[in-house]
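Subject: Structure handover

Hello,

Here is the structure for your files. My notes on it follow below the entry.

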Amino acid sequence: MEKVEGWVKAHRSLIEHWLWQEKPFSRGQAWIDMLLLANHSGNKVLIGNELVYVERGSFVTSDLKLSSRWGWSKTKVRAFLALLENDGMIVRNADRKKTAINIVNYDNYQDLKTNKEPQKDHEKTTERPQKNTNKNVKNDKNVKNDEDIMSSGTRAEPITEYPYKAVVEYLNQKTGKSFRDKSKDTQRHIRARANEGYVFEDFVKVIDNKCAEWTGTDMEQYLRPSTLFGAKFEGYLNQKRKATDRISEVDNW
């Protein structure tokens, strides 16, 4: 088969077009549908009583929802997702409540200019005026201090955005407090853990674990960023919670 190059943009409104409603979907249509469903930027999604951070290139669904959406049996949906996963096209994380799907190499489908721009453009990017570099130094999202590089080693690709706001909002929601996501000390702790490889869901689990253990006790005063996201973060993350402390499972997923 002749190799096809080039790409076209597909607006997300395509999924609401009458042409897209005919079922059952073909496997190719189901794949394009997944690309359209994937988040273009990370955001928070409330699933029952759980606030979940969904990263760029990912979306949260269920076998039941995809079955209804594509006009397939749940068995066919699972087989298709397994096929995509075996081919390295997606990464799937499923539990009893939801299925989180991450599109591998999502940027290749969306940001061709960023990933495959001509070499001369790349050279222009790396030789920007010094004044722009200085401006970036002041931006916490673009510059990482030496203190954030942990003994375990540096990341292959630097993080460009940290979940300061999402983490602090969730902590405030659980504790009824008013911590500020702009606090430099709070950002420092969140940034350090993120640079170690921890993601938003890990922060949520730590908050849930310690709120369940400390709320209503003398330790409640330590439900704060500097304690929760400090040196004992991994221990808090991996501690076992009593069954009565866990959030109840959500129906219809």
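To begin with a charged pair: the side chains of Asp185 and Arg188 meet in a salt bridge, 2.8 Å from N to O (a salt bridge is a side-chain nitrogen of Lys or Arg within 4 Å of a carboxyl oxygen of Asp or Glu). The two residues are three apart in helix α9, so about one helical turn separates them. Asp185 is partly exposed at 36% relative accessibility, and Arg188 is partly exposed at 35%. Here buried means under 20% relative accessible area, exposed means over 50%, and partly exposed lies in between, with a 1.4 Å probe and protein chains only.

On conventions: this is a predicted model, in which local features need pLDDT of at least 70 and side-chain atom pairs count only at pLDDT 80 or more, while totals for chains, interfaces and linings use all residues. Residues are numbered from 1 along each chain as its sequence is written, and side-chain values use heavy atoms, with hydrogens and water left out.

Other salt bridges

The search of the whole structure finds nine salt bridges. Glu213 and Lys210 form one of them, with the closest N and O atoms 2.6 Å apart. This pair is also three residues apart, in helix α10, and separated by about one helical turn. Glu213 is partly exposed at 41%, whereas Lys210 is buried at 3%. Lys174 and Asp208 meet in a salt bridge at 3.5 Å, N to O. Lys174 lies in α8 and Asp208 in α10, so the pair ties together parts 34 residues apart in sequence. Lys174 is partly exposed, with a relative accessible area of 34%; Asp208 is buried, at 8%.

Overall

The chain has 12 helices and five strands, taken as DSSP runs numbered from the N terminus (helices H or I, at least four residues; strands E, at least two). Of its 253 residues, 32% are buried. Among contacts (heavy atoms within 4.5 Å) with a separation of 6 or more, 61% join residues 24 or more positions apart.

Sheet and helices on it

Three strands form an open antiparallel sheet in the order β3-β5-β4, where two strands pair if DSSP finds at least two bridges between them. β3 and β4 stand at the edges with a single partner each, so one side of each has no neighbour in the sheet. Five bridges join β4 to β5. Helix α1 lies across β3, β4 and β5, at about 95 degrees to β5. α3 packs on the sheet too, touching β4 and β5, and its direction makes about 130 degrees with that of β4. Axes are lines fitted to C-alpha atoms, for helices over the stretch in contact, and angles run from 0 to 180 degrees between N-to-C directions. In α1 (residues 27-37), the buried residues include Trp31, Met34 and Leu35.

Cores

The largest nonpolar core has 25 residues, and Val167, Ile190, Ile207, Leu228, Phe229 and Phe233 have the most contacts inside it. Such a core is a set of buried Ala, Val, Leu, Ile, Met, Phe, Trp, Tyr and Cys residues joined through side-chain atoms within 4.5 Å. Its largest share, seven residues, comes from α10. Apart from this core lies another, of 20 residues, among them Trp20, Phe59, Trp72 and Tyr106.

Regards
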